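Thank you all for coming.

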Amino acid sequence: TTFAPLLLAIVAQKELKRDWVRRLPAILFLTILGGGMMLNTARAALAIVLRHENIFERTPKFGIAQPAQAWTQRQYQQSLDPIVYAEIALGAFTLVSAGLAADAGSWVIVIYSLMFSLGLFFTSGVTIAQTLAVQWRRARAPVLEPLVDA
């Protein structure tokens with residue numbers, strides 16, 4: 001099961017008569033990203049099982065509906081999603097698991113654990129970077145007054 005997603009992608013590329021070797025970096029990245037998304041996927045699946053209503057509604061970025069509205073005054077992203085902390089903790093746990101597996105000589109487990117650890121650190125890192133970028137831009141952007149039609 002460790003390499004099932006990777007092998008599936010490689011076989012699919014071969015069946016499509018594509019050069020799978022050239023696409024191997026993208027396939028590996030998607031495999032690692034899938035591991036990093038596991039907590040979000042589990043949370044979504046749990047919401048479905050518990051029948052939580054989670055209606056997705058497409059809204060304009062930063063809640064801006066009119067061209068004259070300033071994005072700096074909008075609360076598009078208020079704080080980090082708490083799942084980031086779980087992603088970091090699980091990433092650290094799988095990193096420790098990789099170290100223990102290396103010490104025991106279980107190299108397949110080392111690779112498996114490192115893939116998940118990389119994915120978890122990547123997804124949590126992207127979330128943190130995006131949150132900081134939004135807060136940094138909001139803090140430095142000039143406050144724009146909305147245009148008023150006369």
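I will take the aromatic rings and then the helix packing.

This is a predicted model, in which local features need pLDDT of at least 70, side-chain atom pairs count only at pLDDT 80 or more, and totals for chains, interfaces and linings use all residues. Residues are numbered from 1 along each chain as its sequence is written, and side-chain values use heavy atoms, with hydrogens and water left out.

The structure holds two aromatic pairs, where rings of Phe, Tyr and Trp (its six-membered ring) pair if their centres lie within 6.5 Å, with planes under 30 degrees apart counted as stacked, over 60 as edge-to-face and the rest as tilted. The ring centres of Phe29 and Phe122 are 5.4 Å apart and their planes stand at 85°, so this pair is edge-to-face. Because Phe29 lies in helix H2 (residues 24–36) and Phe122 in helix H5 (residues 107–140), the pair ties together parts 93 residues apart in sequence; helices here are DSSP runs (H or I, at least four residues), numbered from the N terminus. Tyr112 and Phe116 form an edge-to-face pair too, at 4.9 Å centre to centre and 75° between the planes, and, being four residues apart in helix H5, they are separated by about one helical turn.

Turning to packing, helix H3 (residues 38–49) and helix H4 (residues 83–104) pack at an angle of about 130°, with their axes 10 Å apart; the axes are lines fitted to C-alpha atoms over the stretch in contact, and angles run from 0 to 180 degrees between N-to-C directions.

Definitions and conventions
Helices (H or I, at least four residues) and strands (E, at least two) are DSSP runs, numbered from the N terminus.
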